[in-house]
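Hi,

Here is the structure I promised to pass on to you. Have a look at it first, and then read on for what turned up in it.

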Amino acid sequence: MARRLAPYLYALPGLLLLAVILAYPIGRGFYLSLHKYNLSSFSPPEYIGFENYKALFADPMFIGALQHTLIFVVVSLTLEFVIGLMIALLLHQNFKGRNVLRGIALLPWMMPPVVTAFVWAWMLNGTYGILNYGLVKVGLISKPIAWLSSTDLALPVLIFVDVWQSTPFVMLVLLAGLQNIPESLYEAARIDGADALRSFRHITLPLLKPSASVALLMRTMIALRFFDAVWVMTRGGPASSTEVLATYAYKKSMLGFRMGFGSAATTVIFLLSFVMSIGYIWLILRRED
């Protein structure tokens, strides 16, 4: 009996820690989402069931924020994976100065997100931004472009900033996966007459799937709650064209004092993250089996 209980006793401190820092906040958020709770009044939370969720999905701004979030996640992750894989393949080659380039490639990821957002907001400013200045000087554009004030350009610009900062993380995970692939497999493929493209298709990609799944899982969880750059650069504008779930929930709960309604929005973010993480984990375990 003691031998059977030992693993659970060893795991108990970690489980208690997770319960304190994860389970309670998540449970509290779901509890508030079922109540009418306004911080501007002294009234206690009033239970209203799923009315907050009904109002949430009836709000066109929430539907727009949900669409923007999903577009952001899909486009950002696709670009980060493709570019990260290309850079990982390049840095996996044996050439002089490889370690220096690896360090340089990680610099965007090492910068704090808020600092990155402020730097890019300054560079992309429609009046005095250095990007517009350089493009005008070389003759590529005739007048400055309102990168962050255009409803058509603001969201693609935010996607670009996220790709610029987060691609090094994806590259690092994929590079670690590439280094774990035995070189003997490529040697055997060359002996059998396989070219580089076939080796990449039948050796690199299949053996890189676990690392790719981990990278995509982590990036999906972060992208779904993307907030820093949006808030610093556009605050959801112009005309709500860059409103995402995180900024929507923040405005409703912290600025509008509607904690119950805002908690319903954050619960939706949690459920999306939970469902996607379960899907990724299932794929990882299925491949391992």
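Before anything else, one term: a nonpolar core is a set of buried Ala, Val, Leu, Ile, Met, Phe, Trp, Tyr and Cys residues joined through side-chain atoms within 4.5 Å. Please also keep in mind that this is a predicted model.

With that term in hand, the largest nonpolar core here has 27 residues. L124, L148, V157, A229 and M233 have the most contacts inside this core. Helix 3 (60–91), helix 6 (113–123), helix 8 (154–179), helix 10 (196–224) and helix 11 (228–233) are the elements that each give two or more residues to it. Helix 8 provides the largest share, six residues.

Now for the overall picture. The protein has 289 residues, and 38% of them count as buried. You'll find 13 helices and two strands, and the C-alpha trace spans about 80 × 75 × 30 Å along its principal axes. Among the contacts with a separation of 6 or more, 68% are between residues 24 or more positions apart. The accessible surface comes to about 17400 Å², and 69% of that belongs to carbon and sulfur atoms.

The structure holds five salt bridges. In one of them R219 pairs with E80, with the closest N and O atoms 2.8 Å apart. This pair links distant parts of the chain, since R219 is in helix 10 and E80 is in helix 3, 139 residues apart. R219 also forms a salt bridge with D162, this time with the closest N and O atoms 2.9 Å apart. Here too distant parts of the chain are linked: D162 sits in helix 8, 57 residues from R219 in helix 10. Put together, E80, D162 and R219 are linked in a network of salt bridges.

Are these three residues buried or exposed? Buried means under 20% relative accessible area. R219 has 3%, so it is buried. E80 has 1%, so E80 is buried as well. D162, at 6%, counts as buried too.

Compare that with the salt bridge between the side chains of R190 and E183 (3.6 Å, N to O). R190 counts as exposed, because its relative accessibility is 51%, and E183 is partly exposed at 43%.

Two more residues to look up. S199 lies in helix 10 and counts as buried at 8% relative accessibility. Not counting residues up to four places away in sequence, S199 touches Y186, A189, A194 and T204. L5 lies in helix 1 (residues 2–33) and, at 42% relative accessibility, counts as partly exposed. L5 and L39 are 34 residues apart along the chain, and their C-alpha atoms are separated by 46 Å.

Cheers

Notes: Residues are numbered from 1 along each chain as its sequence is written. This is a predicted model: local features need pLDDT of at least 70, side-chain atom pairs count only at pLDDT 80 or more; totals for chains, interfaces and linings use all residues. Side-chain values use heavy atoms; hydrogens and water are left out. Buried means under 20% relative accessible area, exposed over 50%, partly exposed in between (1.4 Å probe, protein chains only). Helices (H or I, at least four residues) and strands (E, at least two) are DSSP runs, numbered from the N terminus. Contact means heavy atoms within 4.5 Å. Accessible areas come from the Shrake-Rupley method with a 1.4 Å probe; for residues, only the protein chains shown count as cover. A salt bridge is a side-chain nitrogen of Lys or Arg within 4 Å of a carboxyl oxygen of Asp or Glu.
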